[in-house]
Amino acid sequence: MGMDGGGGGKLPYSYAGVGHGDGKLVKSFSRVEPRKFGMGLVAGFLLVTCAYFSTAKFDAIHIAMTVSPISKDAAGIGSLVSGAADTSNSKQELDLGVQDRNALSKEGSKAEVLEKDDGNTSPSGTDSGRNAPLEETFVGDSGDGGGVGASSAAANPAAVGGGRDEVPAKDDDATTAAVLPPVSSEEAGNSTQESGVLEDEELQVQDEIAKPSSKKSNGSAAAVPTSSGNGSSASVVHSDPAVLPAPVQQIPPTTKEVKAVADQQIPAVPEVKQADSATPAREWKPLCDLTSNRRIDWCELDGDVRVLGANASVTLVAPPGADERTFREESWRIKPYPRKADPNAMHKIRVLTVQSVSSSEPPAAPACTERHEVPALVFSDRGYSGNYFHAYTDVILPLFLTARQYAGEVMLLVTDFQMWWIGKYLPVFKSISNYEPVDLDNDPRVRCFRHVQVGLTNHDDFSIDPRRAPNGYSMLDFTKFMRTTYGLPRDVAWPAVTAGAATNATASSSKPRLLLIARARTRRFVNTEEIVRGAEKVGFEVVVSEGEHEVAPFAELANTCDAIMGVHGAGLTNMVFLPTGGVVIQVVPLGGLEFVASYFRGPSRDMGHRYLEYRITPEESTLIDQFPRDHVIFTDPEGVKSKGWDSLKGAYLDKQDVRLNMKRFRPTLKKAISHLRKAKAN
């Protein structure tokens, strides 16, 4: 920026030692305008300052890697980091003060986080799915130890899942840090490898997590005993297994700024309880329960359970290291059928020995010949199960209640196996289990399981208590299950009638259908035709059927109807196939049989049906044709019952038929059709 100096355009100033004296130099400076000279100085200072900081920021990554305090003892990670550093910057690092070095390390770490993009992690730092078999990285809890771990995560950008996208910050009060499981000195010595080789490092992480000492929590998250600086338990986050988190004990404390970066990159997760030596093992409880259920004795075994059907034994073997507090030797004799108070039902049930032993070797415990990953249920299908009602209340309903929760992944081990009975209800067994039922008594194999229940869960006759049932199952769930099992189309009663559904029925939506159960031997309706005419007069379409051995055809017929009617007996069990919202009419014979009527009274309501009960008079019983009106069978039914079940059964169940008085019975039919019409209107 030249200026005229007068006298022929000389330079405004010149330097000493170039042919001019000191006086001339001072004179040339005095001719420069002060304002412009000051502006030049300021501009030059700013340029120098910007150049300096730009150079420092540009070299931050290399400086941070050079000054990293990670030692070679940390599973070779120190060698990898130092090998990746630019050695040309080492002199610059020596010229920096302690504070400047830490500051540049922070800046370099954050720059690495933003630039790192290995393509294996999602923006949130979680595993993308490619490395699904190994997706856990172990972190410490909050506190001092958590702050240290955060430094590790920031110093190693891959550990915080750095992609090019920003990661949303997690909760402020959930500080986590990446921790690699401790590595022995021998492993550390063998792990000094070339820079950039992550495959071998990934294998080290996999080997550490796969060690037997590592426990699994909740079936998916592997847990390694770690602790933070304040002694709190460890948590788990999901991360790419190829990321190599630095050992927490090798990283010095860092500043709050770096910790904040780690907080943004590692999502908060619930704490996972550790199953290590510090966690007390569950105390021993008896294998079997003989007191809590008035209907059945049952046993539950978890661990190494071996079932040998040929000698009727179910054996639990003690785990290694078990003591008297966590394991005891026991032996029980169980009949797995829900009529334990009835000797007539139980005398045909096979006794099973349920035991626990300390030795896993024969003869204390039989050696396994087959291992199964699914649980097993052991039960009997004998007792009263030949009766249609008892088949449901003693086996099928308890089986649903116990096994439905496994969604088919359960094995059924049947003692007292009856092939004809299994065949009759085969659709039920196929719906309950994905495996063929096992004839336990004739099975020579030793089947080994992790969980076995001997005896089925049972609440009451033909009943479920949702408060005690797995998943809150109810009788509505059971009836839906039965309709699905037999492929029945109607879930709701009239007017939703499917014409010709499953049978040759001529159903139409104009009239609700009534199924009249006709019994062939005892407790028959002797005036069936009169009953049909009376029901048709009030508006029903009537179907009369006794049923047959095969379940499916009668189930299909019952599902086409909206109401079912019969004298107390097993035939009323078919109300399980009736569409929800139907009507159940139970005709109670003479003889004070109201207590047996309860077998259908409560359950029908639990199924969502309207229940109507009709109790006959002596004149409507055929007993009036056999005994005089003043006979004790009419005057003292309680005295007859007091002599026992056989006396009651012989007098009132085996010798009695019913002749309905239609004038007296008609109001019951009107209530039934009124209920259905009201439901239709709604």
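1. Start with Pro363, which sits in the loop between S10 and S11. A cis peptide bond joins Pro362 and Pro363, with omega at about 5 degrees. Most peptide bonds are trans, which makes this a spot to look at. Keep in mind that this is a predicted model.

2. Cys368 lies in the loop between strand S10 (352-357) and strand S11 (370-371). Cys368 and Cys448 form a disulfide, and their sulfur atoms are 1.8 Å apart. Cys448 is in strand S15, so the bond ties together parts that are 80 residues apart in sequence. The S-S torsion is about -100 degrees, so this disulfide is left-handed. How accessible are the two partners, Cys368 and Cys448? Cys368 counts as partly exposed because its relative accessibility is 24%, while Cys448 counts as buried at 3%.

3. Cys288 belongs to strand S6 (residues 288-289) and Cys299 to strand S7 (residues 298-308), so the parts being tied are 11 residues apart in sequence. Cys288 counts as buried at 7% relative accessibility, and Cys299 is buried too, at 0%. With the bonded cysteines numbered in sequence order, the pairing reads 1-2, 3-4.

4. Stepping back for the overall picture: the protein chain has 22 helices and 20 strands. Of its 682 residues, 48% count as buried. If you take the contacts with a separation of 6 or more, 77% of them come from residues 24 or more positions apart.

5. Now for the inside. Which residues have the most contacts within the largest nonpolar core? They are Tyr392, Tyr425, Phe462, Phe478 and Phe577, in a core of 58 residues. Helix H12 (residues 388-403) provides the largest share of this core, 11 residues. Apart from it there is another core, of 41 residues, and among them are Trp494, Val532, Ala535 and Leu653.

6. Leaving out residues up to four places away in sequence, Phe577 touches Tyr388, Tyr392, Met482, Arg483, Tyr486, Leu488, Val551, Ala555, Ala558 and Asn559.

7. Is H12 mostly covered or mostly open? Mostly covered: 16 of its 16 residues are buried.

8. Ala407 has a positive phi of about 50 degrees although it is not a glycine. Its relative accessibility is 64%, so it counts as exposed. Arg523 is another case, with a positive phi of about 55 degrees, again in a residue that is not a glycine. Arg523 lies in the loop between strand S16 (513-517) and helix H16 (528-538), and it counts as buried because its relative accessibility is 11%. For context, most residues other than glycine have a negative phi.

9. Moving on to strand S13 (residues 411-415), have a look at Leu412. Leu412 is buried, with a relative accessible area of 1%. Beyond residues up to four places away in sequence, it touches Leu377, Phe379, Leu399, Phe429, Ile432, Ser433, Pro437 and Val438. Leu412 and Ala376 are 36 residues apart in sequence, yet their C-alpha atoms are 5.9 Å apart in space.

10. Last one: Asp443, in the loop between strand S14 (438-439) and strand S15 (446-454). Is Asp443 buried or exposed? Buried, with a relative accessible area of 3%. Not counting residues up to four places away in sequence, Asp443 touches Leu308, Gly309, Ala310 and Val438. Val438 also turns up in the list of residues that Leu412 touches.

Conventions:
Residues are numbered from 1 along each chain as its sequence is written. This is a predicted model: local features need pLDDT of at least 70, side-chain atom pairs count only at pLDDT 80 or more; totals for chains, interfaces and linings use all residues. Side-chain values use heavy atoms; hydrogens and water are left out. A nonpolar core is a set of buried Ala, Val, Leu, Ile, Met, Phe, Trp, Tyr and Cys residues joined through side-chain atoms within 4.5 Å. Buried means under 20% relative accessible area, exposed over 50%, partly exposed in between (1.4 Å probe, protein chains only). Helices (H or I, at least four residues) and strands (E, at least two) are DSSP runs, numbered from the N terminus. Contact means heavy atoms within 4.5 Å. A disulfide is a pair of cysteine sulfur atoms within 2.5 Å.
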